[in-house]
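Open the structure in a viewer that can select residues by number.

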Amino acid sequence: MSVRRTFLSIALAWNTVISTAVAAAPEAAALARRIDALLAEGHQKQAELAPLADDATFLRRLYLDAVGRIPTVAEVRTFLEAQSTDKRAVLTEELLASSASARHFATFWRRTWIPQADTPQFVGLSAEVEPWLAARLRENSPYDHIVHALLTVPASGKPEAGKAQDRQAAPRAFFAASEYKPENLAANTARAFLGVNLDCAQCHDHPFSRWTREQFWQTAAFFARPTRATEALPVRLELAIANTDQVVTPRLLVSAQPAWPENIEPDTGRHLLADWICDKQNPYLARNGVNRLWAYFFGAGLIEPLDDLSGENPASHPRLLDELAASFADSGFDLRFLASAYMSTRIYQSTSRPQASAVSGPGTSGSVDPRAFAYMPIRALTGEQLYASLRVAAALPVEREDLDSASVTAARRRFTAGFRVDRPVAAQRSIMQALALMNGELTTEVTDFATSPLLRATVNSPFLGTPERVQTLFLATLGRLPADDELVALVAHASRHSDEGAAGRALADIFWALINSSEFNTNR
């Protein structure tokens, strides 16, 4: 089948998908409008809102954020040619409901909750927890249910006698990454699920911190094993504060305390703590969730640092944060609803070019404050996004941890580890990363005529002239057509060679240059 016929088949199939997809949920659209209104109050004072991004820019951003890869040539052509006024909203819903999106966000939430799995010591935990998370996200399980399951996984890790292993049971990765130590579990639980940093309080009372050392160890005591001092005393949870003679019992970080049952089981403390964390009235769970996801989409949190929701660090937009948290909780902690609302906002659909004229004047630095959220920030691709996008650009299938062999997934893991970034909005490529992208194993594979389906199809298609071949390479890598000056220069370069082999190598050179460009390496 010719490339053109292949494109046509995919385009027809995609048109069918778009025409039958369910439009954006009204609730998400309503929240998006509310976000726009609250941000607009700040824009009037701080910065002019950037213009609307064109369809090509929006599409590439949408795919990278929703499913972790760039769109294919066929997907770009179909979207750009579609005339419906709601095509952005329809495709957003379609991608967020896909299995690819569940796998992509499983990595995001695993990295948020269990960052230790990116270290050599705990590297195996990713393969344990991410498939479980992906399954929960594919079902659109509520956020609070996922958190509760991770914190209340059975202590033994073994099925009860006579019962089969529950495949729905949460993995023990969160506990393994904390080395099963109550103090590690207290710090990691507070940071991951509440956005509260208790680290300093583990060793001392900090003069400027809200949390005390005693509170830290009282939180850790929820993870202590039940003890009984004498047969006359009931079983209880207690924990000695390190390097002291003081012993504490479990106590929440708020004034209200849980009702303890008469019989204390090994999991009782963790269950009570998880119940409080996941209670809809908990002041931290929803705020932490919306703030983390906001930072993912818009480059910076409404509160920074992300793990400082103690109340001492004001939000850039307090009303917005409060309303987002309330809407998230009222939705039943629906992560897909929240992501859809964020991606439907005017700011998400803006360009990455700030309007500098809005900040001129005394006392300004000449740049727009990124926390004014008046333009979309440019973000570096994560290792996972870059790996998948390189393969998509070359028309190779995207590799998956749950389907491919161990050797394949190991190669993917090595690549993504080499390009790991903590905060994409602040990331810059290192020299080693730049060299790997120019000359590494994957670059060699995707730019090799023998292993790159895109290059073979582009060069061997008799119905494509040199301009159309250059355009195809741009659509495959940058998701847009080349500008006039780009097209003229690159067509001239590719047309210098009369023999077929040299012309093919010239196109391969152009493809190599495109995937090494800053535009390919970033989400704009």
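What volume does the second largest cavity have? The volume is about 30 Å³. A cavity here is a set of points on a 1 Å grid over the protein atoms alone where a 1.4 Å probe fits but cannot get out, and lining residues have an atom within 4 Å of a point. Points are joined across faces, edges and corners, and a volume is the space filled by probe spheres set on them.

The model is predicted: local features need pLDDT of at least 70 and side-chain atom pairs count only at pLDDT 80 or more, while totals for chains, interfaces and linings use all residues. Residues are numbered from 1 along each chain as its sequence is written, and side-chain values use heavy atoms, with hydrogens and water left out.

Select Ala-186, Thr-189, Ala-190, Leu-194, Thr-219, Leu-253, Leu-273, Trp-276 and Ile-277 to show the lining of this second cavity. Next, colour α10 (182-194) and α12 (268-277), each of which supplies at least two lining residues; helices are DSSP runs of H or I, at least four residues, numbered from the N terminus. α10 gives the most, four residues. The lining has seven nonpolar, two polar and no charged residues (nonpolar: Ala, Val, Leu, Ile, Met, Phe, Trp, Tyr, Cys, Pro; charged: Asp, Glu, Lys, Arg; polar: the others, Gly among them).

Now move to the largest cavity, with about 170 Å³ of space. Select Ser-101, Phe-105, Leu-137, Leu-335 and Arg-336, which lie nearest its centre among 14 lining residues. Then show α6 (99-113), α7 (124-138) and α15 (335-343), each supplying at least two residues of that lining. α6 gives the most, with four.

How values were computed. On a 1 Å grid over the protein atoms alone, a cavity is a set of points where a 1.4 Å probe fits but cannot get out, and a pocket is an open set with protein on both sides within 12 Å along at least five of seven lines; lining residues have an atom within 4 Å of a point.
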